[in-house]
Structures are given as C-alpha cells and as structure tokens.
Amino acid sequence: MFSRLPAFLSAVLVITAALFYLPVRSKEPSIAELPAAQAFAREMRERHGFDEADLLRRFARLAPNQRVLKLIAPPAPAAVSQRSWQRYRSRFIDQKRIRQGIDFRQRHAAALKRAEDIYGVPAEIIVAIIGVETFYGQNTGSFNTFSTLATLAFYDPKRHEFFRRQLEQLLLLARENSRNPESYSGSYAGALGIPQFLPGSLRRYAVDFDNNGVIDLSDSVADSIGSVANFLVEHGWQKDAPIAIPVRLPANLPSETLAAWLEAGIRPALPATGLLAAGVAAEPFEAANLDVTLIELVTPDAPTEYWLGFENFYVITRYNRSSFYAMSVFQLAEEIALAQ
C-alpha cells in the first residue's frame with residue numbers, strides 16, 4: 001500500500017500539470033514580419049537601390065520599443081485641458097538655463113556672430129533654441145534612432161507615414177555618410193544632435209559651418225549654430241523684424257470675436273490695424289499692411305496672457321509647432337540678450 005504524498009508535493013504536481021495545459025503566449029513578431037515593413041524594404045530597393053534583404057535582416061533584430069510608443073503617445077484629454085503656460089515656461093526658463101545660455105553665447109561668440117551676419121538671425125534666438133532643445137548640447141538623447149524610427153514608422157497609429165519618411169531619410173543620411181544606420185542615437189521622436197534635427201531636416205537644412213568638410217550636429221557646435229540659423233531663414237525668417245509683443249484685450253470684447261481671432265491660426269493672417277481698431281492695446285509698432293496672429297497663453301487659476309505674434313514667431317513654430325514652445329524660445333532669448 002502506497003503512502004500518501006506530502007501535501008506540498010501534491011500541490012506542486014497539480015500546479016505543474018496545470019501549467020502544462022496553459023496556452024503558450026506567442027512571441028511578439030519582429031518588425032521584419034510586418035507586411036508594412038516588408039513593403040517599405042521593397043520600396044527602398046526600388047526607389048533608392050537599397051539592399052532589401054539587408055534591411056529586412058536589420059528589422060528582424062527589432063521588436064517595437066514600447067517605451068518610445070509610451071513617450072510619443074498624445075496626452076490624455078484631462079492633461080490637455082489642464083495645459084499651463086506658466087508650468088511649461090518654468091521647464092525652460094530658469095536661472096540655470098539663463099546663466100548657461102549666457103556662457104554658451106560667450107564661448108561661441110565668433111560662430112554666433114558669423115551666423116548673425118550671414119543669416120540675419122539674432123545670436124540669442126539661436127542660443128535659446130539650442131538651450132530649449134538640448135540644454136546647450138548636454139541632453140541630446142540616448143535612444144537608438146534606427147530602432148526608434150522603425151517603431152514609430154510601423155506602430156504609431158496616426159503618424160506612421162511621417163515617421164516612415166523620416167526612417168527613409170535616416171537610411172539615406174547614413175548611406176551618404178558611409179555610416180551604419182544603427183549607429184545613430186537621439187530623442188524618443190528620432191531627433192538628432194545638438195539642435196535636434198529630424199533626419200529629413202538634417203539632410204535639407206544642416207550646413208558645414210566650421211568648414212571642415214563634414215556636417216556634424218552631434219559634436220560640432222559651429223555646425224549646429226549655422227544649421228539652426230539656416231533652418232529659420234529657409235522657413236522665412238525676416239532680419240530685424242519683430243517676433244511678438246504683449247497686448248491687452250478690451251474688456252467688452254465679444255467672445256465670438258475672440259474665438260474668431262484665435263481660430264485664424266498660428267500663421268499671421270489678421271490685419272494688425274483691425275485688431276488695434278477693435279481696442280487691442282499694444283506698445284506702438286508699425287501696423288500698416290502688417291498681419292499678425294493672436295497668441296493665447298493659458299494658465300489654470302491665473303489670468304490668460306495674450307500676445308501678438310509676427311512672422312518670425314510663426315517661423316519659430318516651424319521648429320516645434322507649439323505657441324508655448326515658440327514663446328519659451330523668445331523669452332529665453334530675451335533673458336540671454338539682457339546680459340549683453
């Protein structure tokens with residue numbers, strides 16, 4: 001007669017038997033297994049002469065980067081409704097960033113002066129963009145760019161076409177520079193170097209500003225300075241033109257008029273003379289034949305700020321399509337300029 005098994009051993013046998021019958025979770029497919037990735041590799045061969053099999057081998061080593069997808073996801077509706085200009089501003093305009101911006105301008109005064117002379121972009125604007133983007137080159141990102149863009153190109157539900165174009169541009173950039181496309185690193189959105197250019201912008205707007213025969217936005221501050229200035233000029237920067245001025249709205253302004261002004265968009269399209277005639281109060285400026293945009297900077301539980309934005313303000317938003325971003329660049333630049 002067999003003795004009874006100890007209770008703990010019986011439990012082990014039961015659990016083991018249960019696990020045996022559990023369905024096995026399938027491994028997440030590599031990017032190479034996606035039909036869209038296979039089509040992309042085929043198109044790169046047909047359009048640019050890339051080795052299709054080589055691209056698929058590279059994709060086969062990749063699974064979607066879940067951290068990238070989490071970081072790139074749009075904020076929840078509640079977070080959008082609680083947007084705060086003052087909270088956003090505090091991320092980029094503080095004494096440390098101002099001090100380091102002043103130091104950056106002094107250390108790179110020659111390159112900044114040359115960029116200002118050639119492109120007509122004030123040195124403090126160039127410095128402020130680099131300061132907001134990467135804290136003057138200190139935080140350029142550590143995400144593998146090939147993996148990041150492949151993830152976004154085939155898994156981002158809304159902007160996959162945009163990121164496929166950027167992945168294409170990365171591959172072209174790497175080939176032009178005889179570089180392994182998997183050797184680049186940058187932000188979780190695929191931006192590269194000190195000024196955080198996406199691959200397409202890097203190929204189109206980056207310049208060899210230190211004249212050493214190589215465009216290097218990772219280690220050359222001079223190239224980064226010249227490239228930022230060139231980007232702004234190519235998007236319509238106007239030398240010696242205003243950027244933005246604060247305004248006060250009339251107390252009796254109809255809500256539908258304010259809504260119409262805001263709905264006109266970020267591109268200056270409102271006749272400045274019309275806003276002034278409607279009672280908008282601003283410091284004196286030459287308003288004749290000039291279009292503006294009305295900028296609304298909302299902070300919960302605080303008065304909303306209103307500004308008039310000119311064409312140069314719009315140009316800054318081509319770098320990052322946010323009025324909060326452009327205003328942070330503008331105000332940081334003003335703080336840096338005050339030290340000169």
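Me: What is the relative accessible area of Phe162?
Reply: This is a predicted model in which local features need pLDDT of at least 70 and side-chain atom pairs pLDDT 80 or more, while totals for chains, interfaces and linings use all residues. Residues are numbered from 1 along each chain as its sequence is written, and side-chain values use heavy atoms, without hydrogens and water. Buried means under 20% relative accessible area, exposed over 50%, and partly exposed in between (1.4 Å probe, protein chains only). Phe162 counts as partly exposed because its value is 29%.

Me: What is the angle between the ring planes of Phe162 and Phe163?
Reply: The whole structure holds 19 aromatic pairs (Phe, Tyr or six-membered Trp rings, centres within 6.5 Å; stacked under 30 degrees, edge-to-face over 60, the rest tilted). Phe162 and Phe163 have ring centres 5.0 Å apart, and the pair is edge-to-face because the planes stand at 75°.

Me: Which residue forms an edge-to-face pair with Phe231?
Reply: The partner ring has its centre 5.0 Å from that of Phe231, with 65° between the planes. Phe231 is in helix α13 and its partner is in the loop between α16 and α17, 88 residues apart (helices are DSSP runs of H or I, at least four residues, numbered from the N terminus). The partner is Tyr319.

Me: Which residue has its backbone nitrogen 2.8 Å from a polar side-chain atom of Asn312?
Reply: Asn312 lies in helix α16 (residues 311–317). Asn312 is buried because its relative accessible area is 0%. The backbone nitrogen in question belongs to Gln238.

Note on methods
Helices (H or I, at least four residues) and strands (E, at least two) are DSSP runs, numbered from the N terminus. A polar contact is a pair of N or O atoms within 3.5 Å; within protein, one must be able to donate a hydrogen and the other to accept it, and residues adjacent in sequence count only if both atoms are side-chain atoms.
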